[in-house]
Each structure stands twice: as structure tokens, then as C-alpha cells.
Amino acid sequence: NLTKLTPTLTTLSTETTSVGVPTFTLTLTGEKFTVGTIVQWNGQPLPTTYISSTQLECTIDANLVQTPSVNSISVKTVSYSSNTKQFSVTQ
């Protein structure tokens, strides 16, 4: 049963930021996170810290928020990917 292993992304500590902010930490809350779970920004891995099975932190580098955009954030364990949340960069 895949739903027993598939991580679920519930909330982001923020879902929006302004163009040009400095590098910051984003906290993700969900379920079924494991050691080694990686946060993905538009499918690309981000530096991720495992806090617990329900919480991760990742670093959003300043170069990712230089232009207005809507980005897809998800988490990936070794074998499974979560649902996605949108993260907006506004002018």
C-alpha cells in the first residue's frame, strides 16, 4: 500500500516572499518524512535538514527569488514524492 510510505506535504512556514530577499530558511510540515528526505524546488533538490517525521527545513537561496514567479515545492524520499505546494515570489 503506497499511501503508507508516500510523504504528504501539509503546510509551508510561508507561501510567498518578495523579489530580492536574502537567503532564508523555509519550514515544511507534513507526514511520513524520513531521514534523507529532500525538499524540491521546481523539481530541483534544495539543502534540506530533517527535523522529524513531520517537519523539514530547507534553505531557499537568494538566487531563486530574483524574479516574480510561482514555484512548485515538494518533498522526495528515496522512493516516493509528495504532493506539491505553490510558493510565490512577488514584486
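## Basis

In this predicted model, local features need pLDDT of at least 70 and side-chain atom pairs count only at pLDDT 80 or more, while totals for chains, interfaces and linings use all residues. Residues are numbered from 1 along each chain as its sequence is written, and side-chain values use heavy atoms, with hydrogens and water left out.

Strands are DSSP runs (E, at least two residues), numbered from the N terminus. Two strands pair if DSSP finds at least two bridges between them.

Four bridges link E6 to E7 (residues 55-60) in the antiparallel sense. Ser52 has Gln55 in E7 as its bridge partner.

## Five-stranded sheet

Another open sheet has five strands, ordered E2-E9-E8-E4-E5, and its pairing is mixed.

E8 (residues 69-76) and E9 (residues 85-90) run antiparallel, joined by five bridges. Ser72 stands opposite Gln86 in E9.

## Gln40

Gln40 sits in strand E4 (residues 38-41). Its relative accessibility is 15%, so Gln40 counts as buried (under 20% relative accessible area, 1.4 Å probe, protein chains only).

A polar atom of the Gln40 side chain lies 3.5 Å from the backbone oxygen of Gly43. Leaving out residues up to four places away in sequence, Gln40 touches Pro45, Ser72, Ile73, Ser74 and Lys76 (contact means heavy atoms within 4.5 Å).

How values were computed:
Buried < 20%, exposed > 50% of the residue type's maximum accessible area, 1.4 Å probe, protein only. Polar contact = N/O pair within 3.5 Å; in protein donor to acceptor, adjacent residues only side chain to side chain.
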